Amino acid sequence: MSQSPNDPILLTSSLHVDEARKAIADLVNTLLQEDQAINRPDAIDTVPLDQAINRILAQDLLSPIDVPATDNSAMDGFAFNGKCLDDSQAEISLRVVGTALAGQPHTGKIASGECLKIMTGAVMPSDCDTVIPQEFTTKLDAEHISFNAKQLKAGENRRLRGEDLQKGRAAIAAGRLLRPSDLGLAASLGISSLQVKRKLKVAILSSGNELRSLGQTLDAGSIYDSNRYSLTGLLNRLNLEIIDCGIVRDDPVSLKNAFIDAASKADVLISSGGVSVGEADFTKQIMQELGDVGFWKIAMRPGRPMAFGTLRAVPSKTAESRTLFFGLPGNPVAVMVTFYQFVRSALLQLNGASQTEVPVLQAISETPIRKKPGRTEFQRAILGRNSAGKPSVRLTGSQGAGILRSMSEANCFVILGHDQENIAAGEWVDIALFDGLI
Ligand code: AMP
Ligand code: MG
(Lines give C-alpha, C1' and ligand atoms only; values in the text may rest on other atoms or scores of the structure.)
(Ligands and ions follow the chains in the order given, each with its own letter.)
Protein backbone atom coordinates (compact mmCIF):
# COMPACT_ATOMS: atom_id res chain seq x y z
CA MET A 1 0.00 0.00 0.00
CA SER A 2 1.55 3.29 -1.02
CA GLN A 3 -0.49 5.92 0.75
CA SER A 4 1.22 8.32 3.13
CA PRO A 5 0.35 7.63 6.74
CA ASN A 6 -1.00 11.19 6.97
CA ASP A 7 -3.46 10.61 4.24
CA PRO A 8 -5.16 7.26 4.55
CA ILE A 9 -6.95 6.68 1.28
CA LEU A 10 -10.44 5.46 0.74
CA LEU A 11 -10.00 1.87 -0.17
CA THR A 12 -12.26 0.14 -2.54
CA SER A 13 -10.51 -3.20 -2.63
CA SER A 14 -9.85 -5.39 0.38
CA LEU A 15 -6.94 -4.70 2.67
CA HIS A 16 -4.89 -7.58 4.10
CA VAL A 17 -4.88 -7.68 7.92
CA ASP A 18 -1.08 -7.28 7.92
CA GLU A 19 -1.32 -4.20 5.68
CA ALA A 20 -3.86 -2.66 8.02
CA ARG A 21 -1.61 -3.39 10.98
CA LYS A 22 1.36 -1.81 9.22
CA ALA A 23 -0.57 1.30 8.20
CA ILE A 24 -1.67 1.74 11.82
CA ALA A 25 1.84 1.27 13.20
CA ASP A 26 3.21 3.76 10.63
CA LEU A 27 0.68 6.43 11.52
CA VAL A 28 1.27 5.98 15.25
CA ASN A 29 4.99 6.36 14.57
CA THR A 30 4.34 9.61 12.74
CA LEU A 31 2.28 10.88 15.65
CA LEU A 32 5.05 9.94 18.06
CA GLN A 33 7.56 11.89 16.00
CA GLU A 34 5.40 14.99 15.85
CA ASP A 35 5.38 17.21 18.91
CA GLN A 36 2.32 15.57 20.34
CA ALA A 37 1.20 16.08 23.92
CA ILE A 38 1.78 12.39 24.37
CA ASN A 39 5.44 12.73 23.56
CA ARG A 40 6.57 15.70 25.61
CA PRO A 41 8.95 15.14 28.52
CA ASP A 42 6.28 16.33 30.92
CA ALA A 43 4.11 13.46 29.76
CA ILE A 44 5.57 11.44 32.59
CA ASP A 45 4.01 10.70 35.98
CA THR A 46 5.83 9.67 39.12
CA VAL A 47 3.69 7.07 40.85
CA PRO A 48 4.10 5.07 44.06
CA LEU A 49 5.07 1.47 43.40
CA ASP A 50 1.72 0.10 44.52
CA GLN A 51 -0.05 2.10 41.80
CA ALA A 52 2.33 1.33 38.96
CA ILE A 53 0.80 -1.94 37.76
CA ASN A 54 0.08 -1.95 33.99
CA ARG A 55 1.66 1.49 33.53
CA ILE A 56 4.54 1.86 31.08
CA LEU A 57 8.00 2.57 32.48
CA ALA A 58 9.24 5.88 31.05
CA GLN A 59 12.96 5.55 31.82
CA ASP A 60 15.38 2.70 32.38
CA LEU A 61 15.22 1.75 36.05
CA LEU A 62 18.84 1.75 37.14
CA SER A 63 19.76 -0.42 40.08
CA PRO A 64 21.14 1.71 42.94
CA ILE A 65 22.71 -1.37 44.56
CA ASP A 66 24.25 -4.74 43.81
CA VAL A 67 21.75 -7.56 44.23
CA PRO A 68 22.60 -9.56 46.20
CA ALA A 69 24.59 -6.99 48.12
CA THR A 70 27.10 -9.62 49.36
CA ASP A 71 28.12 -13.17 48.49
CA ASN A 72 25.69 -15.42 50.32
CA SER A 73 24.70 -19.02 50.71
CA ALA A 74 22.29 -20.66 48.28
CA MET A 75 21.64 -23.59 50.66
CA ASP A 76 21.26 -24.52 54.29
CA GLY A 77 24.57 -26.23 55.05
CA PHE A 78 28.19 -25.54 56.02
CA ALA A 79 30.45 -22.87 54.48
CA PHE A 80 34.17 -23.57 54.13
CA ASN A 81 37.16 -22.76 51.93
CA GLY A 82 36.95 -24.97 48.83
CA LYS A 83 40.73 -25.29 48.54
CA CYS A 84 40.59 -28.43 50.67
CA LEU A 85 38.64 -30.11 47.83
CA ASP A 86 41.82 -30.05 45.71
CA ASP A 87 43.54 -32.52 48.02
CA SER A 88 42.76 -36.04 46.96
CA GLN A 89 41.08 -36.74 50.26
CA ALA A 90 37.82 -38.61 49.72
CA GLU A 91 36.29 -37.85 53.08
CA ILE A 92 36.67 -34.39 54.60
CA SER A 93 35.92 -33.56 58.18
CA LEU A 94 35.61 -30.01 59.45
CA ARG A 95 35.15 -28.36 62.84
CA VAL A 96 32.00 -26.20 63.09
CA VAL A 97 33.05 -22.88 64.67
CA GLY A 98 29.83 -20.89 64.55
CA THR A 99 26.54 -20.16 62.79
CA ALA A 100 25.45 -17.54 60.26
CA LEU A 101 21.74 -16.86 59.81
CA ALA A 102 20.05 -14.71 57.15
CA GLY A 103 20.37 -11.19 58.53
CA GLN A 104 22.88 -12.27 61.19
CA PRO A 105 26.36 -12.57 59.66
CA HIS A 106 29.20 -14.36 61.43
CA THR A 107 32.11 -12.03 62.13
CA GLY A 108 34.98 -14.32 63.20
CA LYS A 109 37.60 -16.04 61.00
CA ILE A 110 37.12 -19.47 59.49
CA ALA A 111 40.49 -21.21 59.30
CA SER A 112 41.53 -24.22 57.24
CA GLY A 113 39.91 -27.35 58.67
CA GLU A 114 37.01 -25.27 59.98
CA CYS A 115 33.52 -24.47 58.70
CA LEU A 116 30.52 -22.32 59.53
CA LYS A 117 26.95 -23.58 59.83
CA ILE A 118 25.12 -21.33 57.39
CA MET A 119 21.49 -20.77 56.37
CA THR A 120 20.18 -19.85 52.91
CA GLY A 121 20.68 -16.15 52.25
CA ALA A 122 23.20 -15.66 55.08
CA VAL A 123 26.34 -13.67 54.25
CA MET A 124 29.32 -15.84 53.22
CA PRO A 125 32.36 -15.17 55.41
CA SER A 126 35.20 -13.67 53.34
CA ASP A 127 37.43 -16.71 53.87
CA CYS A 128 34.80 -19.19 52.59
CA ASP A 129 33.64 -19.77 49.01
CA THR A 130 31.80 -23.10 49.10
CA VAL A 131 28.76 -24.52 50.88
CA ILE A 132 28.14 -28.23 51.44
CA PRO A 133 24.39 -28.75 51.77
CA GLN A 134 23.35 -30.07 55.16
CA GLU A 135 21.84 -33.28 53.71
CA PHE A 136 25.22 -34.38 52.28
CA THR A 137 26.94 -34.19 55.65
CA THR A 138 27.32 -36.57 58.58
CA LYS A 139 27.48 -35.25 62.09
CA LEU A 140 30.53 -36.83 63.75
CA ASP A 141 30.13 -35.24 67.17
CA ALA A 142 28.86 -31.97 68.68
CA GLU A 143 31.59 -29.98 66.89
CA HIS A 144 32.49 -31.93 63.75
CA ILE A 145 30.90 -32.84 60.43
CA SER A 146 32.18 -34.87 57.50
CA PHE A 147 31.22 -35.31 53.86
CA ASN A 148 32.43 -36.92 50.65
CA ALA A 149 34.55 -34.44 48.66
CA LYS A 150 33.26 -35.82 45.34
CA GLN A 151 29.84 -34.37 46.09
CA LEU A 152 30.79 -30.82 45.14
CA LYS A 153 33.33 -28.48 43.57
CA ALA A 154 34.91 -25.35 45.02
CA GLY A 155 32.61 -22.33 44.73
CA GLU A 156 29.36 -24.29 44.64
CA ASN A 157 26.17 -23.23 46.41
CA ARG A 158 27.33 -19.67 46.73
CA ARG A 159 25.43 -16.73 45.24
CA LEU A 160 27.79 -13.99 44.12
CA ARG A 161 27.41 -10.35 44.95
CA GLY A 162 25.67 -8.55 42.05
CA GLU A 163 24.88 -11.81 40.18
CA ASP A 164 21.23 -10.83 39.97
CA LEU A 165 21.71 -7.11 39.25
CA GLN A 166 24.77 -4.91 39.14
CA LYS A 167 24.73 -1.42 40.58
CA GLY A 168 24.17 1.19 37.82
CA ARG A 169 22.80 -1.31 35.29
CA ALA A 170 19.20 -1.21 34.00
CA ALA A 171 17.11 -3.52 36.14
CA ILE A 172 14.04 -2.86 33.96
CA ALA A 173 14.22 -1.23 30.54
CA ALA A 174 12.09 1.77 29.57
CA GLY A 175 8.97 0.74 27.70
CA ARG A 176 8.10 -2.16 29.99
CA LEU A 177 4.40 -2.67 30.63
CA LEU A 178 4.86 -3.11 34.37
CA ARG A 179 3.89 -6.49 35.77
CA PRO A 180 3.68 -7.73 39.36
CA SER A 181 7.24 -9.12 39.17
CA ASP A 182 8.55 -5.69 38.10
CA LEU A 183 7.01 -4.06 41.17
CA GLY A 184 8.62 -6.71 43.37
CA LEU A 185 11.95 -6.19 41.61
CA ALA A 186 11.80 -2.40 42.11
CA ALA A 187 10.97 -2.96 45.79
CA SER A 188 13.94 -5.31 46.16
CA LEU A 189 16.12 -2.38 45.07
CA GLY A 190 14.58 -0.09 47.67
CA ILE A 191 12.78 1.97 45.01
CA SER A 192 9.40 3.24 46.18
CA SER A 193 8.15 5.17 43.14
CA LEU A 194 8.48 4.84 39.38
CA GLN A 195 8.50 7.21 36.43
CA VAL A 196 5.81 6.06 34.07
CA LYS A 197 4.23 7.39 30.92
CA ARG A 198 1.14 9.40 31.65
CA LYS A 199 -2.10 7.59 31.07
CA LEU A 200 -3.43 7.86 27.53
CA LYS A 201 -6.81 9.56 27.38
CA VAL A 202 -9.08 7.38 25.34
CA ALA A 203 -12.59 8.55 24.42
CA ILE A 204 -15.23 5.99 23.52
CA LEU A 205 -18.58 6.47 21.89
CA SER A 206 -21.27 4.32 20.35
CA SER A 207 -23.14 5.45 17.29
CA GLY A 208 -26.56 4.24 16.19
CA ASN A 209 -30.17 5.41 16.46
CA GLU A 210 -31.17 1.93 17.67
CA LEU A 211 -28.94 2.09 20.74
CA ARG A 212 -30.30 2.59 24.25
CA SER A 213 -28.43 3.17 27.48
CA LEU A 214 -28.77 0.80 30.40
CA GLY A 215 -31.81 1.74 32.45
CA GLN A 216 -33.82 2.91 29.44
CA THR A 217 -36.72 0.81 28.22
CA LEU A 218 -36.28 -0.94 24.90
CA ASP A 219 -38.79 0.22 22.30
CA ALA A 220 -39.41 -1.71 19.08
CA GLY A 221 -36.18 -2.31 17.16
CA SER A 222 -33.88 -0.86 19.78
CA ILE A 223 -31.06 -2.66 21.59
CA TYR A 224 -28.85 -1.96 24.55
CA ASP A 225 -25.47 -0.44 23.85
CA SER A 226 -23.06 -3.19 24.86
CA ASN A 227 -19.97 -2.03 22.98
CA ARG A 228 -19.04 0.74 25.39
CA TYR A 229 -18.94 -1.81 28.20
CA SER A 230 -16.78 -4.32 26.32
CA LEU A 231 -14.48 -1.45 25.35
CA THR A 232 -14.35 -0.13 28.92
CA GLY A 233 -13.34 -3.60 30.11
CA LEU A 234 -10.66 -3.88 27.45
CA LEU A 235 -9.29 -0.40 28.14
CA ASN A 236 -9.32 -0.86 31.92
CA ARG A 237 -6.95 -3.77 31.52
CA LEU A 238 -4.47 -1.33 29.99
CA ASN A 239 -4.88 1.10 32.90
CA LEU A 240 -5.87 4.04 30.66
CA GLU A 241 -8.00 7.08 31.31
CA ILE A 242 -11.38 6.48 29.73
CA ILE A 243 -13.59 9.36 28.59
CA ASP A 244 -17.07 8.00 28.03
CA CYS A 245 -18.81 10.05 25.34
CA GLY A 246 -21.98 7.95 25.46
CA ILE A 247 -24.33 7.16 22.61
CA VAL A 248 -24.44 9.46 19.59
CA ARG A 249 -27.31 9.53 17.14
CA ASP A 250 -26.66 8.88 13.47
CA ASP A 251 -27.08 12.44 12.29
CA PRO A 252 -24.39 14.71 10.91
CA VAL A 253 -24.66 17.45 13.52
CA SER A 254 -24.60 15.12 16.54
CA LEU A 255 -21.76 13.06 15.11
CA LYS A 256 -19.69 16.06 14.16
CA ASN A 257 -20.11 17.67 17.57
CA ALA A 258 -19.29 14.41 19.32
CA PHE A 259 -16.12 13.92 17.26
CA ILE A 260 -14.98 17.50 17.85
CA ASP A 261 -15.65 17.17 21.57
CA ALA A 262 -13.78 13.86 21.82
CA ALA A 263 -10.87 15.15 19.75
CA SER A 264 -10.48 18.15 22.07
CA LYS A 265 -10.29 15.95 25.18
CA ALA A 266 -8.62 12.71 24.15
CA ASP A 267 -5.44 11.33 22.61
CA VAL A 268 -7.44 8.56 20.98
CA LEU A 269 -11.09 8.18 20.01
CA ILE A 270 -12.64 4.76 19.58
CA SER A 271 -16.14 4.74 18.15
CA SER A 272 -18.23 1.75 17.21
CA GLY A 273 -20.92 1.49 14.55
CA GLY A 274 -21.68 3.60 11.54
CA VAL A 275 -18.80 2.52 9.30
CA SER A 276 -20.53 -0.20 7.31
CA VAL A 277 -21.66 0.26 3.73
CA GLY A 278 -24.55 2.73 3.59
CA GLU A 279 -23.74 4.45 6.85
CA ALA A 280 -20.12 5.15 6.01
CA ASP A 281 -20.86 7.70 3.26
CA PHE A 282 -22.47 9.82 5.83
CA THR A 283 -19.57 9.66 8.27
CA LYS A 284 -17.04 10.18 5.48
CA GLN A 285 -18.33 13.69 4.81
CA ILE A 286 -17.76 14.75 8.39
CA MET A 287 -14.34 13.14 8.47
CA GLN A 288 -13.19 15.06 5.42
CA GLU A 289 -13.64 18.24 7.39
CA LEU A 290 -12.30 17.00 10.69
CA GLY A 291 -9.35 14.93 9.70
CA ASP A 292 -7.65 12.35 7.55
CA VAL A 293 -9.58 9.18 7.83
CA GLY A 294 -9.54 6.14 5.58
CA PHE A 295 -12.50 3.83 5.30
CA TRP A 296 -11.14 0.34 5.08
CA LYS A 297 -12.55 -2.91 3.94
CA ILE A 298 -10.29 -5.35 5.68
CA ALA A 299 -10.09 -8.92 4.40
CA MET A 300 -11.02 -10.36 7.76
CA ARG A 301 -13.88 -11.91 9.61
CA PRO A 302 -15.39 -10.59 11.75
CA GLY A 303 -14.60 -6.89 11.46
CA ARG A 304 -14.50 -6.06 7.77
CA PRO A 305 -15.36 -2.35 7.74
CA MET A 306 -13.20 -0.04 9.80
CA ALA A 307 -12.35 3.65 9.69
CA PHE A 308 -8.90 4.75 10.74
CA GLY A 309 -6.94 7.99 10.81
CA THR A 310 -6.68 11.22 12.77
CA LEU A 311 -9.13 13.91 13.83
CA ARG A 312 -8.68 17.52 14.85
CA ALA A 313 -10.62 19.32 17.55
CA VAL A 314 -11.04 22.38 15.34
CA PRO A 315 -12.46 21.82 11.84
CA SER A 316 -10.29 22.81 8.87
CA LYS A 317 -7.28 23.58 11.05
CA THR A 318 -4.13 21.60 10.47
CA ALA A 319 -1.38 22.79 12.81
CA GLU A 320 -2.69 21.17 15.90
CA SER A 321 -2.37 18.09 18.00
CA ARG A 322 -4.18 15.26 16.30
CA THR A 323 -6.35 12.59 17.86
CA LEU A 324 -5.91 9.04 16.69
CA PHE A 325 -9.23 7.68 15.52
CA PHE A 326 -10.52 4.12 15.26
CA GLY A 327 -14.02 3.77 13.82
CA LEU A 328 -14.75 0.14 14.69
CA PRO A 329 -17.62 -1.83 13.20
CA GLY A 330 -20.79 -1.97 15.29
CA ASN A 331 -21.16 -5.72 15.69
CA PRO A 332 -20.25 -6.58 19.29
CA VAL A 333 -17.81 -9.39 18.44
CA ALA A 334 -16.24 -7.38 15.61
CA VAL A 335 -15.58 -4.56 18.08
CA MET A 336 -13.62 -6.86 20.35
CA VAL A 337 -11.76 -8.61 17.54
CA THR A 338 -10.67 -5.36 15.90
CA PHE A 339 -9.70 -3.98 19.30
CA TYR A 340 -7.46 -6.98 20.02
CA GLN A 341 -6.01 -7.07 16.53
CA PHE A 342 -5.43 -3.37 15.85
CA VAL A 343 -6.29 -1.00 18.69
CA ARG A 344 -4.53 -2.66 21.61
CA SER A 345 -1.09 -2.64 20.01
CA ALA A 346 -1.57 0.93 18.71
CA LEU A 347 -2.43 2.17 22.21
CA LEU A 348 0.61 0.44 23.68
CA GLN A 349 2.84 1.79 20.90
CA LEU A 350 1.50 5.34 21.34
CA ASN A 351 2.19 5.09 25.05
CA GLY A 352 5.80 4.00 24.52
CA ALA A 353 5.54 0.29 25.25
CA SER A 354 8.36 -1.77 23.78
CA GLN A 355 6.36 -4.99 23.49
CA THR A 356 3.03 -4.53 21.73
CA GLU A 357 2.30 -7.83 20.02
CA VAL A 358 0.26 -10.70 21.41
CA PRO A 359 2.09 -14.04 21.29
CA VAL A 360 0.68 -16.55 18.79
CA LEU A 361 0.69 -20.19 19.95
CA GLN A 362 -0.54 -23.40 18.39
CA ALA A 363 -3.14 -25.98 19.35
CA ILE A 364 -4.89 -28.93 17.74
CA SER A 365 -8.36 -28.26 16.41
CA GLU A 366 -10.82 -30.76 17.90
CA THR A 367 -13.26 -30.31 15.01
CA PRO A 368 -13.14 -29.45 11.32
CA ILE A 369 -13.39 -25.68 10.67
CA ARG A 370 -14.76 -24.22 7.46
CA LYS A 371 -12.59 -21.48 6.03
CA LYS A 372 -12.51 -19.60 2.72
CA PRO A 373 -9.14 -18.42 1.47
CA GLY A 374 -8.70 -14.67 0.91
CA ARG A 375 -9.45 -13.38 4.40
CA THR A 376 -8.08 -13.77 7.91
CA GLU A 377 -10.56 -15.23 10.37
CA PHE A 378 -10.64 -14.87 14.14
CA GLN A 379 -12.85 -17.62 15.48
CA ARG A 380 -13.60 -17.77 19.17
CA ALA A 381 -12.53 -20.89 20.99
CA ILE A 382 -11.66 -22.56 24.28
CA LEU A 383 -8.13 -23.80 24.74
CA GLY A 384 -7.78 -27.00 26.75
CA ARG A 385 -5.97 -30.33 26.53
CA ASN A 386 -6.93 -33.41 24.56
CA SER A 387 -6.75 -37.00 25.84
CA ALA A 388 -3.10 -37.20 24.73
CA GLY A 389 -2.28 -34.18 26.90
CA LYS A 390 -1.70 -31.89 23.90
CA PRO A 391 -3.12 -28.35 23.69
CA SER A 392 -6.41 -28.44 21.82
CA VAL A 393 -9.11 -25.96 20.87
CA ARG A 394 -12.80 -26.15 20.28
CA LEU A 395 -14.94 -23.34 18.86
CA THR A 396 -17.57 -21.72 21.06
CA GLY A 397 -20.62 -22.44 18.93
CA SER A 398 -22.11 -20.13 16.36
CA GLN A 399 -19.53 -17.62 15.16
CA GLY A 400 -21.77 -14.75 13.96
CA ALA A 401 -20.23 -11.29 14.41
CA GLY A 402 -23.15 -10.24 16.58
CA ILE A 403 -23.10 -13.27 18.90
CA LEU A 404 -21.27 -11.94 21.93
CA ARG A 405 -21.70 -15.24 23.77
CA SER A 406 -19.17 -16.80 21.39
CA MET A 407 -16.66 -14.33 22.81
CA SER A 408 -17.82 -14.47 26.39
CA GLU A 409 -17.36 -18.26 26.58
CA ALA A 410 -14.02 -18.23 24.78
CA ASN A 411 -10.51 -17.78 26.11
CA CYS A 412 -8.70 -17.51 22.78
CA PHE A 413 -8.98 -16.78 19.08
CA VAL A 414 -8.26 -19.41 16.51
CA ILE A 415 -6.48 -17.38 13.83
CA LEU A 416 -6.98 -18.75 10.35
CA GLY A 417 -4.53 -17.09 7.97
CA HIS A 418 -5.41 -15.19 4.81
CA ASP A 419 -4.62 -18.07 2.45
CA GLN A 420 -5.68 -20.92 4.68
CA GLU A 421 -8.53 -23.20 3.60
CA ASN A 422 -10.76 -25.68 5.48
CA ILE A 423 -9.18 -27.15 8.58
CA ALA A 424 -9.53 -30.86 9.32
CA ALA A 425 -10.06 -32.18 12.85
CA GLY A 426 -6.66 -32.92 14.37
CA GLU A 427 -4.83 -30.18 12.44
CA TRP A 428 -2.66 -27.68 14.30
CA VAL A 429 -3.95 -24.09 14.15
CA ASP A 430 -2.63 -20.73 15.36
CA ILE A 431 -4.23 -19.32 18.47
CA ALA A 432 -3.94 -16.12 20.50
CA LEU A 433 -5.03 -16.17 24.13
CA PHE A 434 -6.97 -13.16 25.26
CA ASP A 435 -6.95 -14.05 28.91
CA GLY A 436 -3.79 -14.67 30.82
CA LEU A 437 -3.46 -15.56 34.47
CA ILE A 438 -5.94 -12.88 35.48
P1 AMP B 1 -23.27 -0.85 12.21
O2 AMP B 1 -21.80 -1.10 12.11
O3 AMP B 1 -23.59 0.48 12.78
O4 AMP B 1 -23.96 -1.11 10.92
O5 AMP B 1 -23.81 -1.93 13.23
C6 AMP B 1 -23.74 -3.33 12.98
C7 AMP B 1 -24.59 -4.08 13.97
O8 AMP B 1 -24.05 -3.88 15.28
C9 AMP B 1 -26.03 -3.62 14.03
O10 AMP B 1 -26.83 -4.77 14.23
C11 AMP B 1 -26.08 -2.73 15.23
O12 AMP B 1 -27.33 -2.66 15.82
C13 AMP B 1 -25.07 -3.38 16.15
N14 AMP B 1 -24.48 -2.41 17.05
C15 AMP B 1 -23.93 -1.23 16.67
N16 AMP B 1 -23.48 -0.56 17.76
C17 AMP B 1 -23.75 -1.34 18.82
C18 AMP B 1 -23.55 -1.20 20.23
N19 AMP B 1 -22.94 -0.11 20.72
N20 AMP B 1 -23.93 -2.19 21.06
C21 AMP B 1 -24.52 -3.29 20.54
N22 AMP B 1 -24.73 -3.49 19.24
C23 AMP B 1 -24.37 -2.53 18.38
MG1 MG C 1 -25.29 1.66 12.83
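Student: Which residue has a polar side-chain atom 3.3 Å from a nitrogen atom of ligand 1?

Tutor: That residue is Asn227, whose polar side-chain atom lies 3.3 Å from a nitrogen atom of ligand 1, and the pair is a polar contact (N or O atoms within 3.5 Å). This is a predicted model in which local features need pLDDT of at least 70 and side-chain atom pairs count only at pLDDT 80 or more, whereas totals for chains, interfaces and linings use all residues. Residues are numbered from 1 along each chain as its sequence is written, chains are lettered from A and ligands numbered from 1 in the order in which they are written, and side-chain values use heavy atoms, with hydrogens and water left out.

Student: What else surrounds ligand 1?

Tutor: A polar side-chain atom of Asp225 lies 2.7 Å from a nitrogen atom of ligand 1, and a polar backbone atom of Ser226 is 3.0 Å from a nitrogen atom of the ligand. On its own, ligand 1 has 490 Å² of accessible area (Shrake-Rupley method, 1.4 Å probe), of which the protein covers 79%. In total 16 residues surround the ligand, each with a heavy atom within 4 Å of it, and Glu210, Asp225, Gly274, Ser276 and Glu279 are the closest.

Student: Which residues of helix H3 are buried, and why do they share a side?

Tutor: In an α-helix there are 3.6 residues a turn, so residues three or four places apart point the same way. In H3, which spans residues 227–236, the buried residues (under 20% relative accessible area) are Asn227, Arg228, Ser230, Leu231, Leu234 and Leu235. They lie on the same side of H3 because they cover an arc of only 160 degrees around the axis, taken from the directions to the C-beta atoms. Their cover includes strands E13, E16, E17 and E21 as well as helix H6, where contact means heavy atoms within 4.5 Å.

Student: How many aromatic pairs are there, and how should I read one?

Tutor: A pair of aromatic rings is described by the distance of the centres and the angle of the planes. The structure holds nine such pairs, with centres within 6.5 Å and planes classed as stacked under 30 degrees, edge-to-face over 60 and tilted for the rest. Phe80 and Phe147 form a tilted pair, 5.3 Å centre to centre with 45 degrees between the planes, and the pair links strands E4 and E9 across 67 residues. Phe80 is buried, with a relative accessible area of 1%, and Phe147 is buried with a value of 1%.

Student: Where do Tyr340 and Phe413 lie?

Tutor: Tyr340 is in helix H6 and Phe413 in strand E25, so their pair ties together parts 73 residues apart in sequence. The pair is edge-to-face, at 5.7 Å centre to centre and 75 degrees between the planes, and both residues are buried.

Methods
Buried < 20%, exposed > 50% of the residue type's maximum accessible area, 1.4 Å probe, protein only. Helix = DSSP H or I, 4+ residues; strand = E, 2+ residues; numbered from the N terminus. Polar contact = N/O pair within 3.5 Å; in protein donor to acceptor, adjacent residues only side chain to side chain. Phe/Tyr/Trp six-rings, centres within 6.5 Å; stacked < 30°, edge-to-face > 60°.
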